[in-house]
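This report goes through one protein chain part by part. Keep the sequence and the 3D view at hand while reading.

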Amino acid sequence: MSTPYIGRLAPSPTGLLHLGHARTFYIAHQHARAANGTLYLRDEDIDPQRSRPEFSAAMREDLLWLGLTWDAELRQSDRLPLYLAALHQLLAAGFAYPCSCSRRDLALSTHAPHEDPAAESDDEPLYNNRCRPTAPVANLSGPVADLINTPRPRSTYRFRTPDQTPSSFTDLNAGPQTFTTSTDFGDFLIWRKPLTSDPSDIGLPSYQLTCVVDDALTAITEVVRGRDLLKSTARQILLQRALNYPTPAYYHCDLLRDSNGVRLAKRHDALALRTLRANGLSPADVLAMF
């Protein structure tokens, strides 16, 4: 018997869903329903400074209005212990290390990743390895031991990528892809340090880590998302291997663009589903715009 299909819709409640989101989620919905599979709605509300309850409510209403349904829900803000456990595992195996670099330090770095202009990725700078240990962690000490022995991270942490190593996959829409560490991306953030001294503040896991953990623990078989995340997939495959997780299939949708050829983003309020709906468009009208 073949593995049952499990997919996900993964909106982030930091703004209203726009037409580009809608097409990606529509494709994910179609794939799941065509395979008679299971579809999760994953509320990626992990960042309390940017996520808003009203956007979570709006995204559910807008998806249902468009005719998209799901079979189960989860919220990332409920799953911090799972992400912390993954961080512990990566540190204990020497795949991660603490980083004290500030945003200003990173901004002053002269390193920049080689970009695929077609991907138009919102990418982090190529890290200059300033805090990277000279060798993988063998004897746990300092901040690493502190985290293993206590539940509260005290630092920012990065995933240690193998030097000059290709991370390859075949995308079901974009075809064969290869990104090389040290050239296309470097050691990347997996955890951001706490912003307060409150014991309940354990910091925040990065998108890369939460995505990998959630995809694995919900047994996702196919990830449908935008082409701007192709490089993130290369990073996430390295995380999956380090955590002994399976790698799902990937389908990266082409990006929708506005009349000026710029890819749609949450700043495009005129193309938000809520706005289109208020202007009298029907779900069929919106689907016809794909």
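This is a predicted model: local features need pLDDT of at least 70, side-chain atom pairs count only at pLDDT 80 or more; totals for chains, interfaces and linings use all residues.

S5 and S8 are joined in the antiparallel sense over 3 bridges. Along this pairing, Tyr157 stands opposite Trp191 in S8, and Phe159 stands opposite Phe188 in S8. S8 also pairs with S9, again in the antiparallel sense, over 2 bridges. Here Trp191 has Pro205 of S9 as its bridge partner. Is S8 mostly covered or mostly uncovered? Of its 5 residues, 4 are buried, and S8 is thus mostly covered.

In soluble globular proteins, nonpolar side chains tend to be buried together. The largest nonpolar core in this chain has 28 residues, and the members that touch the most others are Leu90, Phe159, Ile190, Trp191 and Leu209. Which elements supply at least two residues each? They are helix H3 (80-92), strand S5 (156-159), strand S8 (188-192), helix H6 (207-217) and helix H7 (230-242). Another core, of 24 residues, lies apart from this one; its members include Leu19, Ala22, Leu273 and Val286.

Leaving aside neighbours within four places in sequence, Leu209 is in contact with Tyr83, Ala86, Leu90, Ile190, Trp191, Leu239 and Leu243.

## Helix H6

H6 is largely enclosed by the rest of the structure, because 8 of its 11 residues are buried. The buried residues of H6 are Gln208, Leu209, Thr210, Cys211, Val212, Val213, Asp214 and Asp215. Just after H6 comes Ala219, which takes a positive phi of about 60°.

## Aromatic rings

A pair of aromatic rings is described by the distance of the centres and the angle of the planes. The chain has 5 aromatic pairs. In one of them, the rings of Tyr26 and Phe290, the centres are 5.7 Å apart and the planes stand at 55°, so the pair counts as tilted. Tyr26 lies in helix H1 (residues 19-34) and Phe290 in the segment after helix H9 (283-288), so the pair ties together parts that are 264 residues apart in sequence. Are these two residues buried or partly exposed? Tyr26 is partly exposed, with a relative accessible area of 25%. Phe290 is partly exposed as well, with a relative accessible area of 25%.

Ring pairs also link Phe95, Phe159, Phe185 and Phe188 into a cluster.

## The chain as a whole

The chain contains 9 helices and 11 strands. Of its 290 residues, 51% are buried. The accessible surface comes to about 13800 Å², and carbon and sulfur atoms account for 53% of that area.

How much of the contact within the chain is between residues 24 or more positions apart? Among contacts with a separation of 6 or more, such residues account for 77%.

Key:
Residues are numbered from 1 along each chain as its sequence is written. Side-chain values use heavy atoms; hydrogens and water are left out. A nonpolar core is a set of buried Ala, Val, Leu, Ile, Met, Phe, Trp, Tyr and Cys residues joined through side-chain atoms within 4.5 Å. Buried means under 20% relative accessible area, exposed over 50%, partly exposed in between (1.4 Å probe, protein chains only). Contact means heavy atoms within 4.5 Å. Rings of Phe, Tyr and Trp (its six-membered ring) pair if their centres lie within 6.5 Å; planes under 30 degrees apart count as stacked, over 60 as edge-to-face and the rest as tilted. Accessible areas come from the Shrake-Rupley method with a 1.4 Å probe; for residues, only the protein chains shown count as cover. Two strands pair if DSSP finds at least two bridges between them.
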